[in-house]
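Student: I have a structure to look at and would like to work through it with you. Could we take it one topic at a time?
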Amino acid sequence: MGTRFLCIHGHFYQPPRENAWLEEIELQESAHPWHDWNERIHAECYAANASSRILDGEGRIEQIVNNYSRISFDFGPTLLSWLQVKAPGTYQSILRADHESRSAFSGHGSAMAQCYNHMILPLANERDRRTQVRWAIRDFEHRFGRAPEGMWLPECAADVASLEALAEQGIRFTVLEPHQAAAVRRIDGGDWTPVWNGAIDPTMAYRVVLPSGRHLDVFFYDGPISRGVAFERILEQGERFAHRLLGAFSDLRAHPQLVHIATDGETYGHHHRHGEMALAYCLHYVEQHQLARLTNYGEFLELHPPEHEVRIVENTSWSCVHGLERWRADCGCSSGQRPGWHQRWRGPLRTALDWLRDAVAAPYQDEAERFLTDAWAARDAYVDVVLDRSPECVQRFLKHHARRELGAEERTAVLELLELQRHAMLMYTSCGWFFDEVSGLETVQVLEYAGRVLQLAERRLGVRLEARFLELLEAAESNLPERGNARRVYEEEVRPAVVDLDRVVASFVLSSLFDPPARWNRTYCYEVALGDHKVLEAGRAKLALGQAEVISRITRESAQVCYWALHFGDHHLQAGVRERLPEDQWAAMNRQGHDAFLRADFPALVRLLDGHFAARTWSLASLFHDEQRRILDRVLAGSLREIEDQYRHLHQNHAPLIRFLAGLRIGAPRPLRMVAEFVLQTGLRRALAEPEVDLDRVQSLLDEARGESVALDDPELGLAFARALDRMASQLQLAPSDLHLLRRLHHAVRLVPALPFPVDLWHVQNVCYELSLSSYPEFARRAEQGSKVARDWRELFRELAAALRVRVA
């Protein structure tokens with residue numbers, strides 16, 4: 001075992017999906033029933049690996065383990081920033097895993113850094129390469145509290161210049177694909193031996209000596225096993241996974257062997273359901289039977305430094321057999337889901353973005369160095385501000401980089417210039433080229449970042465670049481005739497998404513018609529402070545009139561505005577926003593609106609709004625997607641309630657007939673079936689959404705659906721039931737001795753096996769397992785001493801654990 005080492009590496013990454021103006025991910029319908037793809041993949045993979053199950057021989061949960069602490073891993077900085085806010089528990093588990101791995105692996109943490117926003121470094125210019133690496137290191141230090149030893153290259157895309165960029169910043173090693181090795185020799189000299197078709201020994205570390213005189217150590221992962229894990233069925237069973245890895249050791253090798261694989265981390269749970277459990281059991285099996293020593297790359301390097309030197313094949317990657325063409329040409333590499341589709345759009349897209357990057361570079365430098373001593377050094381350091389947007393951090397940054405003390409408007413100018421450069425890098429996120437179609441989510445995202453660059457370039461550099469940029473995009477042809485080309489995609493998807501401060505206020509005040517606002521409000525990455533805010537009501541109609549200050553928390557750009565917001569009822573909303581007026585003009589304008597509203601002269605009110613606010617008016621269609629959905633839910637609630645009442649009346653009248661037909665195994669006519677499905681599914685969703693779920697009501701609805709052979713197949717029902725269970729489990733976690741809470745959770749869990757839809761019990765099982773270690777022993781001890789309350793708790797908890805398939809000692 002002393003010469004057999006095993007390391008599994010997971011590359012965890014999602015492209016940045018945040019709206020370029022809002023800094024948050026908007027609703028993504030394709031991820032339904034989750035809000036967005038990050039949320040969905042978090043549930044299936046990132047959270048699952050933080051609390052992965054190991055089962056006993058009877059299929060019960062014997063252990064829950066943090067996989068991250070026993071593997072090597074890298075997480076994208078932009079993904080970690082999302083996890084920090086949206087899934088803090090998982091985020092802390094990842095950080096804790098790195099800390100624990102240092103104890104397990106001779107002081108070497110298992111986390112590797114990852115280039116900041118997954119830019120293909122060999123296709124980047126020298127400035128962007130340097131900034132990507134520096135931002136990645138600083139982000140890693142900020143989160144993990146140590147310097148990274150290794151760094152993952154996006155898509156393993158490598159050339160000598162990229163390796164130099166890593167070594168220059170003190171990175172010790174990276175991981176590459178076997179076909180990226182060109183030739184090898186002993187480190188003390190000798191002849192070079194060519195490596196053909198990836199036939200390099202992957203069980204040792206290698207050293208690349210760079211033209212600068214620096215060096216970078218490289219691990220070439222086991223290609224066949226990695227591909228088997230990613231694309232075959234190895235993860236169906238943890239023991240099979242372990243034996244596949246152990247089979248890579250050879251008695252013919254005299255040196256200490258490192259068997260290691262690398263795949264997308266999402267393989268474990270997202271791409272392969274329950275893959276995280278196969279990973280957990282594999283590691284458990286290897287350790288339990290002492291078949292190899294688990295390690296990470298840093299520890300192995302310390303124990304067994306490279307004895308061989310290697311040359312790499314330049315401009316290669318792990319996901320394109322043609323080198324780097326997947327990110328600049330129609331090479332044939334694609335998802336394979338759309339046979340016959342081309343990717344000729346890739347080249348023109350990169351050409352357009354390269355042109356935009358270069359077109360803003362010199363003007364940025366000239367303008368930025370009016371305020372900063374070195375525009376590019378400031379960009380390299382700007383990651384500190386990205387990590388901490390507080391005024392104090394901005395002040396520290398400017399103290400170090402500004403030529404002099406800057407005023408408020410000058411500080412905003414500097415921040416906007418640096419945001420321009422941040423987005424000029426984000427627009428090169430690799431997923432923009434990876435998939436099949438130029439109108440896909442990932443490509444629209446990089447175009448959105450380009451749109452932000454164009455907006456800031458016009459505002460701060462005084463250059464209008466959009467026309468030429470769109471001309472270049474015309475050559476990027478879509479596979480879908482209705483989408484045309486990338487220019488049309490930009491015009492249809494990106495241009496309507498552009499945000500300015502007036503639109504932020506319009507979206508906020510339209511929302512405020514449904515929920516009374518506070519004086520100070522945070523909406524996305526903006527702050528809205530209300531001044532004189534009044535709401536007039538007449539029946540279903542509302543008119544809000546007021547003044548506000550809006551501030552960007554990113555750039556500190558601000559504006560003083562006044563507004564009207566009008567709701568006629570249903571989906572008829574309209575808002576106007578303009579610069580703040582002198583008090584006498586504002587008062588006169590409000591009197592006109594007030595009088596028209598009291599007369600219920602809504603046509604006159606709309607004319608006044610159009611006249612006073614000119615073209616600066618917005619409707620429901622102009623709202624940000626999540627606000628739009630939230631308001632539509634409120635608007636539709638009344639209509640749906642009316643429909644539900646009518647359907648419930650129909651259902652009550654015809655339920656006996658539906659049950660009779662079900663008893664005869666005769667399907668109810670479609671209209672009756674639709675009525676029953678709507679009434680019962682709506683009732684169940686509403687019951688599960690209650691803070692205190694009426695379990696008897698839930699049981700009654702389920703019985704009714706079963707008796708009428710109604711299909712409860714809405715995926716939202718499973719999610720709603722899981723969330724209700726999660727709330728109950730969290731309450732019990734806070735008050736584990738509360739027998740009432742334990743009894744309610746037990747009752748709810750007992751309903752699950754009979755449900756006609758799947759329910760994720762992950763969180764409830766986690767709580768049960770935790771309580772089995774923390775609270776159960778004490779209650780068991782007190783029960784043995786004769787406490788009836790403790791005995792009741794112990795027996796009920798055992799029943800709960802049995803229902804959840806959690807083993808209790």
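Student: Leaving aside neighbours within four places in sequence, which residues is Arg 357 in contact with?
Tutor: This is a predicted model. In it, and with those neighbours set aside, Arg 357 is in contact with Asn 125, Asp 128, Met 427 and Tyr 428.

Student: Where does Arg 357 lie, and is Arg 357 buried or exposed?
Tutor: Arg 357 lies in helix α10, which covers residues 346–368. Its relative accessible area is 13%. Buried means under 20%, so Arg 357 counts as buried.

Student: You mentioned Met 427. What is Met 427 in contact with, beyond its neighbours within four places in sequence?
Tutor: Besides Arg 357, Met 427 is in contact with Leu 353, Leu 356, Trp 433, Val 446, Tyr 449, Ala 450 and Val 453.

Student: Which residues have the most contacts inside the largest nonpolar core?
Tutor: They are Leu 356, Met 427, Phe 469, Leu 473 and Tyr 526, in a core of 105 residues. Apart from that core lies another, of 90 residues, and Val 184, Ala 205, Tyr 221 and Val 229 are among them.

Student: Why would such residues be buried together?
Tutor: In soluble globular proteins, nonpolar side chains tend to be buried together.

Student: How many salt bridges does the structure hold?
Tutor: The structure holds 64 salt bridges. One of them joins Glu 23 and Arg 422, whose closest N and O atoms are 2.5 Å apart. Glu 23 lies in the loop between β1 (4–12) and α1 (37–50), and Arg 422 lies in helix α14 (residues 408–426), so this pair ties together parts that are 399 residues apart in sequence.

Student: How do Glu 23 and Arg 422 stand, buried or exposed?
Tutor: Glu 23 is partly exposed, with a relative accessible area of 26%, whereas Arg 422 is buried, at 8%.

Student: Which residues are linked with Glu 23 in a network of salt bridges?
Tutor: Arg 389, Glu 419 and Arg 422 are linked with Glu 23 in that network.

Student: And what about Arg 233: which residue does Arg 233 pair with?
Tutor: Arg 233 forms a salt bridge with Glu 236, with the closest N and O atoms 2.6 Å apart. Arg 233 is exposed, its relative accessible area being 59%.

Student: A change of topic: how many disulfides does the structure hold?
Tutor: The structure holds 0 disulfides.

Student: What is the case for Cys 115?
Tutor: Cys 115 is in no disulfide, and the nearest cysteine sulfur, that of Cys 156, is 11 Å away. Cys 115 counts as buried, with 0% relative accessibility.

Conventions:
Residues numbered from 1 in each chain as written. Predicted model: local features only at pLDDT ≥ 70, side-chain atom pairs only at ≥ 80, totals over all residues. Heavy atoms only, no water. Core = buried A, V, L, I, M, F, W, Y, C linked by side-chain atoms within 4.5 Å. Buried < 20%, exposed > 50% of the residue type's maximum accessible area, 1.4 Å probe, protein only. Contact = heavy atoms within 4.5 Å. Helix = DSSP H or I, 4+ residues; strand = E, 2+ residues; numbered from the N terminus. Disulfide = S-S within 2.5 Å. Salt bridge = Lys/Arg side-chain N within 4 Å of Asp/Glu carboxyl O.
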